[in-house]
Amino acid sequence: MNLLLLAGASETGSIAKALSLEGFHVLVSTVSDFPMEIGLSELVTRRVGALSAEELSALCVEMNVAAIVDATHPYAVQAHANAKDSAQQLGVPSFRYERPSAASHGQGIHPAMSHEEAAKLAVSFKRPILLTSGTRNLEPYATLARSKGIELYVRALDCEDSRDAIVRRGIPLEHCEFGVGPFTVEDNIRIMEKFDIGVLVTKDGGVAGGLPDKLEASRRMNCQVVLVSRPVACFDDVYDDIPSLVRAVKSILP
């Protein structure tokens, strides 16, 4: 029985392995070709490339997919909507995995409901800014930082899509560091010291996404943190641990 696993979370490999151990054929779909340990086997394969809603539905039909498992990033709003809509259109079940939140609030942590709001908050401190919130929403940060004369730095995945997005926004590549997280407290402190960072912009990627280490590094370095809040999930049932997700899939599919 074929499952489509829409990937993006660092737990993808563990999810694919757990589902394959139950005998499911798992096609892992990622937007970018970044390195990912998914345990490729006769039961686990991978495809790369963004999918529109129509392309997602067509792929499900072509692969005779019995269910869609959405394990994309908590902030991938369009991906969530496409997964849910395609499943409803095709009459197949859909499942959402979302890592638990690790957000905290306190002195030096400033929540923002959007990237536009986050960008305004970030430049208000008039200190060099480090973005660790991905490269899909660079525009408001690049525009405001440039207009205010504030240095902007980016940490991103080392892939062609990330580099292209950065170059398009006029951010020098020497202001960037590329790698695959999660990053330790020491990793975060090193880049903060390297670029003399005063403001960290991040998202709530949970423990698996390294948020606690980012917050601890910021505390030690006396950096302000702008935390972009998670969007509201569009799924009725959301699973925040892999065993529960696998049990849910098994309970519906024969």
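Biologist: In what kind of crossing does H1 pass H9?

Modeller: H1 passes H9 in a right-handed crossing, where the near helix is turned clockwise from the far one by less than a right angle. This is a predicted model, in which local features need pLDDT of at least 70 and side-chain atom pairs count only at pLDDT 80 or more, while totals for chains, interfaces and linings use all residues. Residues are numbered from 1 along each chain as its sequence is written, and side-chain values use heavy atoms, without hydrogens and water.

Biologist: At what angle do H1 and H9 pack?

Modeller: Helix H1 (residues 12-21) packs with H9 at about 40°, and their axes are 10 Å apart. Helices (H or I, at least four residues) and strands (E, at least two) are DSSP runs numbered from the N terminus, and angles run from 0 to 180 degrees between N-to-C directions.

Biologist: Which residues meet there?

Modeller: Ser14, Ile15, Ala18 and Leu19 of H1 meet Ile242, Leu245, Val246 and Val249 of H9, with contact meaning heavy atoms within 4.5 Å.

Biologist: Okay, the sheet: in what order do the strands come?

Modeller: The open sheet has six strands in the order E3-E2-E1-E4-E5-E12, with parallel pairing, and a pair needs at least two DSSP bridges. Strands E3 (44-48) and E12 (238-239) each have a single partner strand, so one side of each is left without a neighbour in the sheet.

Biologist: And how many bridges join E1 to E4?

Modeller: Five bridges join E1 (residues 2-6) to E4 (residues 65-70), and Leu5 stands opposite Val69 in E4.

Biologist: Which strands does H9 lie across?

Modeller: H9 (residues 242-252) lies across E1, E4, E5 (94-97) and E12, running at about 175° to E5.
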